[in-house]
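Open your viewer and get ready to select residues by number. This tour goes from the whole chain to single side chains.

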Amino acid sequence: MGKKPPSPAYVLGVGLTKFVKPRGKIDYTELGFEAGIKALLDAQINYDDVDQGVACYCYGDSTCGQRVFYQFGMTKIPIYNVNNNCSTGSTGLHMARQAVAHGAAECVMVVGFEKMFPGSLQGSFQDRTDPIGTTVEMMKQTRGVTNAPGTAQMFGNAGREYMEKYGAEIKDFAEIARVNHAHSAKNPYSQFRDVHTLEQVLESPMLHEPLTKLQCCPTSDGGAAAIVVSEAFLAARPHLRSQAVLIAGQCMATDAASLFDRSSISLMGFDMSKHAAKTALDEAGVSASDVQVCELHDCFSANEMITLDALGLCEPGKAHEMVRKGDITYGGRCVVNPSGGLISKGHPLGATGIAQCAELVWQLRGWADNRLVKGAKVALQHNLGLGGAVVCTVYKRADGASNEDVSTAGDVGYNPAVEARGFTREQVDRVRSRRCRSEWALGDTEKKVEARF
């Protein structure tokens, strides 16, 4: 028997915190609470409407998800805790869509949060086998090892191979970072909003050629949330259809055997990205040429370079030419990372995939009016985790309307796509569970969040 075709699933609400440098000042309970309340407000629902919860994080003990969700209510729903490296957030979205599309739930809330440590990523356990140890060993055997951070070496090596095979130059990678930093200046949630010239990017400290410091994403603290609902749930709320965004196609994939074919590009999950993108695009009934806006996993500029190729946004081996033509920014072929991407917006692992979703939702709604990709009808998301997993998602507006025909931006008193503001106590009271809330579970989280506003 073949797979049963999925029923429609929609992103009805999204919410973000600002992404900030890890300084240990904000706890994950606050990050998850802020993002979750904002998503519930955006979706114009109460937590009692939620059938399942998915918590996404990499750094934290088991059941951190329950600790966050209990602040909204203690309604006995299933709550899943997800850790899938840097693709954790979009893995949660994939789970939510699967539950809704196959009838297990009508409304799923996904909350991603991360409280990280300063500096480059480090493993949590030193007394057991590293899950990406085979990947690291392959890198050592094929390209050697330096004193640079391990991930910078791995992705930097992929960039070097792209240069060797196809003729990309160091300045092409720097241009990718320049564009992303320029985009982030208009994103109120970005960790970095400074604009840099190409020369400044090139002259920043070299970590592992071709990667300079300004071409590498930072570690970040942050939270993001999304509400995924069924057609029946949306049909019961017809006034919300204009803000609902259809998950038109989606694929979660893991590595192919080519991971270990001794290619530095293959080693970074190129083939699983290529497979996931094609599968998601095919399900949505579109091609890569139809994509007008894309949020992709630019943990390093080198990964954006090879991913432009893997997603089919350019001809094979021509990603650097796409960059040179200005085809990754406004006025070009496809606006890539209008949010600023991981390089500039920041990368709190569990929240990243959901933040990408939020940006594309705002783009398709037409709410991101200070950075709008005008006329965009098809959006593509790519979120990658070494180890490995990747999720690619294609989004379309539920009502088929243009993103330039927008009369209102939400029900919270401001446009959350262009302003990073807070919420009132009355708004919190409106969306927390009416029948099963616990002030003990909430503690002083609401007061701490309000204090930051």
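**Before you start**

This is a predicted model: local features need pLDDT of at least 70, side-chain atom pairs count only at pLDDT 80 or more, and totals for chains, interfaces and linings use all residues. Residues are numbered from 1 along each chain as its sequence is written, and side-chain values use heavy atoms, leaving out hydrogens and water.

**Stop 1: the whole protein**

Show the cartoon. You will find 16 helices and 12 strands. Both are DSSP runs numbered from the N terminus: helices are H or I with at least four residues, strands are E with at least two. The radius of gyration is 21 Å, close to the 22 Å that the globule rule gives for 453 residues, so the protein is as compact as a globular protein of that length. (That radius is taken over C-alpha atoms; the rule is 2.2 Å times the number of residues to the power 0.38.) Along its principal axes, the C-alpha trace spans about 60 × 50 × 50 Å.

How much of the protein is buried? Buried residues make up 59% of the 453. Buried means under 20% relative accessible area, exposed over 50%, and partly exposed in between (1.4 Å probe, protein chains only).

**Stop 2: helix α3**

Select residues 88-101. This is helix α3, with 14 residues. It reaches 20 Å from its first C-alpha to its last, close to the 20 Å expected at 1.5 Å a residue. (The expected span is 1.5 Å times one less than the number of residues.) Now show its surroundings. Of the 14 residues in α3, 12 are buried. Among them are Thr88, Leu93, His94, Arg97 and Val100. Step on to Gly103, which follows α3 and has a positive phi, near 85°.

**Stop 3: the nonpolar cores**

In soluble globular proteins, nonpolar side chains tend to be buried together. A nonpolar core here is a set of buried Ala, Val, Leu, Ile, Met, Phe, Trp, Tyr and Cys residues joined through side-chain atoms within 4.5 Å.

Select Leu308 and Val394. They have the most contacts inside the largest core, which has 58 residues. Helix α9 (residues 270-284) gives the most to this core, with seven residues. What does Leu308 touch, beyond residues up to four places away in sequence? Its contacts (heavy atoms within 4.5 Å) include Leu296, Met322, Ile328 and Val336. Another core lies apart from this one; it has 40 residues, among them Leu40, Ile77, Val428 and Val431.

**Stop 4: the salt bridges**

Side chains of opposite charge can pair when their charged atoms come close. A salt bridge is a side-chain nitrogen of Lys or Arg within 4 Å of a carboxyl oxygen of Asp or Glu. The count comes to 27.

- Select Arg324 and Asp172. Their closest N and O atoms are 2.9 Å apart. Arg324 lies in helix α11 (residues 319-324) and Asp172 in helix α6 (residues 170-184), so the pair ties together parts that are 152 residues apart in sequence. Arg324 is partly exposed at 44%, whereas Asp172 is buried at 2%.
- Select Glu30, Glu34, Lys38 and Arg452. Salt bridges that share partners join these four into one network.
- Select Asp48 and Arg435. Their salt bridge is 3.7 Å, N to O. The two residues sit 387 residues apart, each in a loop. Asp48 is partly exposed at 21%, and Arg435 is exposed at 54%.
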